[in-house]
Structures are given as structure tokens and as C-alpha cells.
Amino acid sequence: MNNEMPVIYMDNNATTMVAPEVMAAMEPYFGGLYGNPSSMHSFGGQVGKAVANARQQVAELLGCDEDEVIFTSCGTESDSTAILSALRANPERRHIVTSRIEHPAVKNLCENISIFTGHPYRVTMLKVDEEGLIDMDEYAESLRDDTAIVSIMWANNETGVILPVEEMAVMARERGIPFHTDAVQAVGKIPFSLRDSEIDFLSLSGHKLHAPKGIGVLYVKRGTPFAPFLTGGHQEDGRRAGTENVASIVGIGRACQLAADKMDEENGRVKALRDKLENGLLSSIPRSLLNGNKELRLPNTANISFEFVEGESILLHMDRYNICASSGSACTSGSLEPSHVLRAMGVPFTAAHGSIRFSLSVYNTEEEIDTVLEKLPPIIASLREMSPFWPKK
Ligand code: PLP
């Protein structure tokens, strides 16, 4: 970190800055408005109204009704709640369908589901092709009479690749199977409405859309059998016990409202910046390649492999200029294993190790893109000079 220079933050799939409007909306609930939303007195009641307002703001972005929105502590809790709830609602079914590219919040739960539940489960982890997409015939074949839940992410956090979850949910519904999607990376970046969809459960996380860390939402379609993850008080209509994290709930509500307002900018200006960055790097740096389907992708994400260099070394060199990006997902960095997502896509070892994820937001500027386009090519060239695998002339 260089305190003389501004930070160029291009790691928004890891976490985002809390928007100033969100901070302002939350502030009163750290101060004078500290009542308990469940209290009978009007001092608490006004706080209860703020929670109700936030629920409405979230419901508007998702295109659902307020009573289908449950506030949780994070995306991970939403994922666990949805999957475990479906298993409890269908105890005689002992099969789960998910994919090899899920975030650890889903992947690790499904891989260890027999330990968590104390019951034997079979788990189908669908393969993806070299562009990160699932074969729909293989998906159709994976759905069985004893499938208790399908859990497929809407957009991948590492590559940004968007999966056809609305279509997959229809196919699951035809076979009477509940469908969950981890939409943590999709919400606020791509428009959709849950009202006409067959998705039963959807997870989202505040800190990926300019609300604080430690607040999430689980959408549960009305009429879907539901078993709470946390049992205790009557909060969230008995579906998630624990006194509400009021300030963060107000924050995620305001963030959802802002995301709806900025959706066009995300898909216009931000996408154009991402394309400029991506095209500039791919054309100026030899042996660089884009990971993931180019079209079916979030507007803010570019995952690029620079062959024969280590992603961690690139990050360290970029850090000298305060350029923040990521190699693999933030959760897997710290391990020398290449990302499970890129491995599932069959990205060769030499390229998977040198992959960098740039993830932009509405706060990025063209000037920042120009700085990265200026600084990164010489960094890659100098690292390759030191690489024993880089063919020297
Ligand atoms: N799912 C996806 C796709 C994510 O990218 C993340 C965070 O990186 C999570 C789930 C976990 O969300 P949280 O950090 O709120 O638990």
C-alpha cells in the first residue's frame, strides 16, 4: 500500500465500498434510533417501520413480494439456510444437484452434507465446459425422483459467467424439485424479476452491492416449505430468529434501491470500461487469454490469464501502484492451489496460475483503466524475464 497514491479498486467481486448514500441512511440507527423493532412502544415501532421499508426496497429490486424476503447475516447463511431447509422438507429424498464451480459457501456444504445432516446423500456436481457453461442435457439427466434440491449459482464470482438459472428452475419445477440459486454476484448487476420465475430460493449478500459486510437476504418463494436455520425468537416471521441488524438492514435496502437506479450505468459505462481494460490487456500482452464465455458474462468482470507468471506475483507488483484485483477468489487465495473454477473449466495449469480477476463498479473511472493499461504490461514482461518457463529468444 502506497499512501502517496490513490487506490485503484478493481476487486468488487470480493467486496465493495459502502456507498455514501447507504452510510447516510444507516447512520441514525447507530445513534438515536436504537429501539428494538419488535418492541410494542412507538420508539421501537419507528425502527420496525425502517426494517419494513428496507424489505420493500429489496423486494422491488428482486421483483418479488415483501413477505418473500428474509434478512440473514450474509450470503453464506442464506445458502446454508436454503439448502438445509429443502433437505429437511424432503427427508426421504437423498440426492442433491449442484455444479463444480459454486462458491465454497455452497460447494463445501454440499461436499460435506452427509456429515452435517448425519444422513447419507449422493451429490451430483455438474461439469462445466471450457467457457464455464453447464451442458443442459447433462443437467436434465441429473434430475431424479429422489433429488431434494438443485443449487446452481446465477453468476460465477471468478469469471462472471452467467448461468441460465431461470430455465434450469423451470426444468426442476417440472420434476417437482426445489431450486436454489446463489445470486450473490448477479444481484444489482443484471436485471431480473422473480415474480414470473420458478426459482424457489435465492441468496444475496449486502457487501457485494455497496452495503456493509454481515448482512444478507434469502428470498423464499411464497408457499415453499421452509425450515429455519436459526430457531429462537419470532423475528422474520419465525423464519430467522435473532434481533435484527437494523442499521445493516436499512443499508441493504438503500443499496438495492441504488442498484436499481444504476443498473443501466452498470450495463453501459461500467461494461464499456471493462471492455476497454480487457481488450487493451489482451492486445498488448502476448500469451494472455480471457477465461469464461465472453458474452454470457457480468458487465463488471474480466478474468484474464497471463501464461507463465504467478498471479500472486502480479498482485504484489500491482500493489505498488495501489491497484487492487484478485487471483482466484478471495476465499481461496492464501493457498497455492489454482482456482477450482478454472480447473473445472480445464484451463491449463500454466494459465490458471497466472489468472487475475478484475471486477469493476460504478465508482471506477476511465483514468483508472488507463493507469492499469499503462502499468500492467511492463509488470508481466519483467516477471516473464524471470520465469524459467518463458521461452527466451
Ligand atoms: N456466493 C458467492 C457467489 C460469493 O461470491 C460470495 C462471496 O464471495 C458468497 C456466496 C458468500 O457471501 P458472504 O461473504 O456474504 O457470506
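**Entry 1: the three-stranded sheet**

I started with the open sheet of three strands, which come in the order E9-E10-E12. Their pairing is antiparallel. I noted that this is a predicted model. I then asked which strands sit at the edges. They are E9, residues 288-290, and E12, residues 355-359, and each of them pairs on one side only. On average, neighbouring strands here are turned by 25° against each other, direction ignored.

Next I went through the pairs. E9 and strand E10, residues 301-306, run antiparallel and are joined by three bridges. I picked out one partner: Ser-288 is bridged to Phe-306 in E10. Between E10 and E12 I found five bridges, again in the antiparallel sense. There, Ser-305 stands opposite Ser-355 of E12.

**Entry 2: how E12 is covered**

I looked at E12 by itself. Is this strand mostly covered or mostly open? It is mostly covered, with five of its five residues buried. I sorted these residues by face. Ser-355, Arg-357 and Ser-359 point to one side, Ile-356 and Phe-358 to the other, and all are buried. I wrote down Arg-357 in particular, as it is listed among the buried residues.

**Entry 3: helices on this sheet**

I wanted to know which helix lies across E9, E10 and E12. It is H9, residues 246-284, and it runs at about 10° to E10. Helix H10, residues 311-319, packs on the sheet too. H10 touches E10 and E12, and its direction makes about 50° with that of E12.

I then checked the loop between H9 and E9, where Arg-287 has its place. The phi of Arg-287 is near 55°, a positive value in a residue other than glycine.

**Entry 4: the seven-stranded sheet**

I moved on to the other sheet. Seven strands make up this open sheet, in the order E2-E8-E7-E6-E5-E3-E4. The pairing is mixed. E2 and E4 are the edge strands, each pairing on one side only. Neighbouring strands are turned by 20° against each other on average, direction ignored.

I looked for an example of each sense of pairing. Strand E3, residues 95-99, and strand E5, residues 147-151, pair in the parallel sense over three bridges. Within that pair, Ile-96 has Ile-149 of E5 as its bridge partner. E2 and strand E8, residues 216-220, run antiparallel and share four bridges. In that pair, Phe-71 stands opposite Val-217 of E8.

I stayed with E2, residues 69-72, and asked what covers out as buried on each face. Val-69 and Phe-71 are buried on one side, Ile-70 and Thr-72 on the other. Both faces of this strand are covered. I also found helix H2, residues 42-62, lying across E2, E7 and E8. H2 runs at about 115° to E2.

I followed the chain past strand E4, residues 122-126. Asp-135 is in the loop between E4 and helix H6, residues 136-142. Is Asp-135 buried or partly exposed? Its relative accessibility is 40%, so Asp-135 counts as partly exposed. I also took one distance from here. The C-alpha atoms of Asp-135 and Lys-221 are separated by 26 Å, and the two residues are 86 apart along the chain.

**Entry 5: empty space inside**

Last, I looked for cavities. Rolling a probe the size of a water molecule over the atoms shows where empty space is left. How many cavities of 30 Å³ or more are there? The count comes to two.

I listed what surrounds the largest cavity. Its lining has 20 residues, and Gly-188, Leu-209, His-210, Ala-259 and Glu-266 lie nearest its centre. By type, the lining divides into ten nonpolar, six polar and four charged residues.

I took a second look at His-210. This residue is in the loop between strand E7, residues 201-205, and E8. His-210 has a positive phi of about 70°, although it is not a glycine. Buried means under 20% relative accessible area. His-210 has 14%, so it is buried.

Technical notes
Residues numbered from 1 in each chain as written. Predicted model: local features only at pLDDT ≥ 70, side-chain atom pairs only at ≥ 80, totals over all residues. Heavy atoms only, no water. Pairing = 2+ DSSP bridges. Helix = DSSP H or I, 4+ residues; strand = E, 2+ residues; numbered from the N terminus. Axes fitted to C-alpha atoms, helices over the stretch in contact; angles between N-to-C directions. Contact = heavy atoms within 4.5 Å. Buried < 20%, exposed > 50% of the residue type's maximum accessible area, 1.4 Å probe, protein only. 1 Å grid on protein atoms, 1.4 Å probe; cavity = no way out; pocket = protein on both sides within 12 Å on 5 of 7 lines; lining within 4 Å. Points joined across faces, edges and corners; volume = space filled by probe spheres on them. Nonpolar A, V, L, I, M, F, W, Y, C, P; charged D, E, K, R; others polar.
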